[in-house]
Amino acid sequence: MRIQQKRRASVLTSLLLAATVLSGVTAPTASAAPDPVAVTVDARAGMATVPATALGVNHAIWDQNLGTAETSDLLRDAGVQMMRYPGGSYADIYHWKDHTAPGGYVAPGTDFDTFMAAVRRVGAQPMIIANYGTGTPAEAADWVRYANVTKRYGARYWTIGNENYGNGHYGSAWEADDHPDKSATQYARLVVEYADAMKAVDPSIKVGAVLTMPGNWPDGITAGSDPGPWNQTVLSIAGPKIDFVDVHWYPGGSAADSLARTNHLPDATYLLRQQLTRYAGPNADRIGISFTELNVDAGRNTQPAALFLADAYSALLANGIFTAHWWNVHNGIGAVSQVAGQTDYNDFGMLSSGTCSEDGSVCEPPLNTPFAPYHGLAMMKLFAKTGDQFVRAGTDEPLVTAHAVRRGNGDLALLLLNKDPDNAHPVTIDYAGFTPSAVAPTVSTLTNGATGIATSQNGSATSRTLPAYSLTTLVLRPADATAGRPSAPGRPTVSGVTDRAATISWPAATPGRSPIAKYEVYRQNGGVSEQLGETPTTSFTVGNLVPGSRYTVNVLARDTAGRVSWASPPLTFATGSPTTSSCTVRFTAANDWGNGYIGGVEIVNNGTGPVDGWTLAWTWPTGWQQVSSGWGATWEQVGTAVRVTPTDDNRQIAAGGSVSAGFVGAYSGPNVPPAAFTLNGTVCATG
């Protein structure tokens with residue numbers, strides 16, 4: 001069965017990750033009550049708005065329960081908004097016209113019309129995978145015609161293939177691909193053909209191409225005659241023709257590892273957007289990002305999966321992806337174990353298949369019994385509703401994670417995750433840009449081993465205790481009336497970015513009951529915003545920025561009565577290096593093998609006199625990047641700070657001259673390149 005190939009693919013990805021990742025968070029042993037965790041929520045730091053396609057799941061043609069009313073009703077009750085079909089790697093062997101998948105198992109009652117009936121019963125939208133591996137553009141176009149012209153289903157989202165980088169081009173092969181040329185270049189060329197053929201039938205559809213997750217195999221690897229790695233090659237050729245990109249992520253490792261690696265997601269989405277901007281051609285910001293497969297290796301049916309789902313979905317949605325999908329609805333029993341005191345069936349499904357082990361010694365609960373990730377998805381339904389705006393939240397404890405959204409009626413919802421399997425954690429919560437009322441919040445809690453979410457109205461908005469291995473959502477009413485405030489300013493843009501300054505502009509807000517007095521510009525800085533300035537106009541130049549740094553800013557409108565708007569959509573930009581300097585640094589990365597590369601630095605002396613003795617320094621943007629070894633200089637790394645000093649034979653750099661040194665770089669997450677370098681304390685130009 002093809003599902004076993006999907007499992008092998010996931011295991012392969014996990015092993016590749018596990019071989020290189022930094023160690024995960026280790027839960028502390030039980031001891032005296034810990035100090036309260038400080039949680040900060042900043043309603044001024046607006047992030048992405050929750051789309052109507054946010055909460056997704058995968059449906060597969062080998063699942064005989066795909067079209068049952070019971071399954072659909074459970075998915076509807078959990079808040080599912082998008083459903084993917086026909087299921088992972090099966091997509092590249094599936095022929096929709098005769099409902100066959102040569103080499104795989106197709107269950108009865110799983111044809112496309114049955115799937116669409118289930119989608120409609122759930123109240124969701126479909127995400128359909130066109131067969132790239134053994135199909136043709138004409139077959140895909142016929143599917144669009146049947147779906148949207150003949151049947152008038154209005155199926156909007158279509159992806160070309162599934163994990164097609166796993167076709168053997170990089171060595172590992174699990175994805176079917178009958179094309180003689182299995183390169184990224186050929187995939188991209190055919191994506192163009194698919195998109196043209198499919199949009200000729202229905203120009204309103206959105207077509208997506210498969211990319212790989214930054215920092216995960218085979219990201220960074222160039223194979224064959226491709227001009228660059230998979231993502232670069234696909235975007236350079238197919239970018240102008242696609243409407244979104246599709247990414248999968250199985251973080252691998254232990255439960256603690258998976259729960260810690262959700263902190264990779266902001267940088268991963270940032271790098272994806274950088275790749276889109278760099279390679280996908282004009283108007284690349286129109287291209288959306290979907291994450292249509294997510295799951296863990298440990299605790300798939302128990303609390304780690306519920307925690308991971310809620311944390312990953314929240315982080316991805318806050319950073320602007322338009323849908324996140326769990327793999328998958330039903331799957332079947334695997335190797336059974338105990339995880340945090342609960343039986344885990346190692347089943348990729350969020351609902352029980354009711355299957356037993358091969359020897360019959362262990363059986364799952366009855367069919368459609370919800371597993372923990374189902375309850376995690378149901379918690380997301382309570383927490384983040386369509387139209388809510390994510391706002392920045394943070395904590396000072398790695399085992400406690402916070403996410404927050406602000407609602408159109410002025411309410412604020414806060415999701416708190418305690419990833420510690422052994423200890424409860426008291427928390428104190430501080431709010432900026434929002435004052436909670438004295439009314440007790442509505443509290444929804446999912447504890448380890450619970451068969452559902454418990455909801456009540458209790459406690460305080462500013463402190464409580466989170467049970468071990470738990471998810472808690474608080475819904476808070478505002479203390480002050482929100483009617484009459486200005487609308488949020490429009491999405492900001494940036495221009496004139498230098499190493500130390502940038503000009504931010506935005507569409508004006510609409511006044512409420514009083515005229516707008518001014519606009520306030522804030523930088524997101526952890527859980528507390530830093531005000532960069534204010535102006536009565538719709539443009540502001542920010543100075544005193546740090547070279548080579550990433551900034552995310554929001555604009556708020558304040559009226560003459562003191563009412564403050566919601567935050568604008570976020571703007572993220574990065575400062576560069578000086579255009580002129582007494583030094584230039586050229587940073588290179590070559591021969592990337594997926595978790596490391598051969599790096600180099602060339603230091604050029606632009607001055608009129610020699611440099612006698614030097615120290616080159618930079619800071620890695622993340623905590624999972626490092627210099628493993630080096631040559632041509634003395635290399636030192638402390639935390640994220642790198643310091644490079646000369647050897648006896650290259651301590652002097654002549655005027656107009658240069659010296660070079662090399663290193664082996666390693667990374668275990670998104671490999672964000674450094675953007676600023678100093679030589680003897682002077683910020684250098686980069687070349």
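The model is predicted. The chain holds ten helices and 38 strands. Its radius of gyration is 26 Å, which agrees with the value near 26 Å for a compact globule of 687 residues.

**Overall build**

- Taken along the principal axes, the C-alpha atoms fill a box of roughly 80 × 65 × 55 Å.
- Of the 687 residues, 57% count as buried.
- Take the contacts between residues at least 6 apart in sequence: 73% of them join residues at least 24 apart.
- The chain carries 44 positive and 54 negative charges.

**The mixed sheet around S35**

- Five strands make an open sheet with mixed pairing, in the order S31-S35-S28-S27-S38.
- S31 and S38 (685–686) stand at the edges. Each has a single partner strand, so one side of each lacks a neighbour in the sheet.
- Strands of a sheet pair through backbone hydrogen bonds, either parallel or antiparallel.
- Strand S35 spans residues 658–667, and eight of its ten residues are buried.
- On one pairing, S35 meets strand S28 (residues 596–605) in the antiparallel sense, over nine bridges. Here Gly 600 has Gly 662 of S35 as its bridge partner.
- S35 also pairs with strand S31 (residues 625–631), again antiparallel, through six bridges. In this pairing Ser 629 stands opposite Val 664 of S35.
- The parallel case is S27 with S38: two bridges join strand S27 (residues 583–590) to S38. The bridge partner of Thr 584 is Ala 685 in S38.

**The antiparallel sheet**

- Another open sheet has five strands in the order S32-S33-S30-S36-S37, and its pairing is antiparallel.
- Its edge strands are S32 (634–638) and S37 (682–683), and each pairs on one side only.
- Within this sheet, four bridges link strand S30 (residues 616–619) to strand S33 (residues 641–645). The two strands run antiparallel.
- Trp 618 faces Val 642 of S33 across this pairing.

**Cis peptide bonds**

- The bond from Tyr 85 to Pro 86 is cis, with omega near 10°. Pro 86 belongs to the loop between strand S3 (82–85) and helix H3 (112–122).
- The bond joining Trp 327 and Asn 328 is also cis, with omega about -5°. Asn 328 sits in the loop between strand S9 (323–326) and strand S10 (337–339).

- Asn 368 is not a glycine, yet its phi is positive, at about 70°. The residue lies in the loop between strand S11 (342–344) and helix H10 (372–383).
- Asn 368 counts as buried because its relative accessibility is 4%, against a cut-off of under 20%.
- Tyr 469 has a positive phi near 50°. The loop that holds Tyr 469 runs between strand S18 (463–466) and strand S19 (470–476).
- Tyr 469 is buried too, with a relative accessible area of 5%.

Technical notes. Residues numbered from 1 in each chain as written. Predicted model: local features only at pLDDT ≥ 70, side-chain atom pairs only at ≥ 80, totals over all residues. Heavy atoms only, no water. Rg over C-alpha atoms; globule rule 2.2 N^0.38 Å. Buried < 20%, exposed > 50% of the residue type's maximum accessible area, 1.4 Å probe, protein only. Contact = heavy atoms within 4.5 Å. Lys, Arg positive; Asp, Glu negative; His and termini not counted. Charge placed at Lys NZ, Arg CZ, Asp CG, Glu CD. Pairing = 2+ DSSP bridges.
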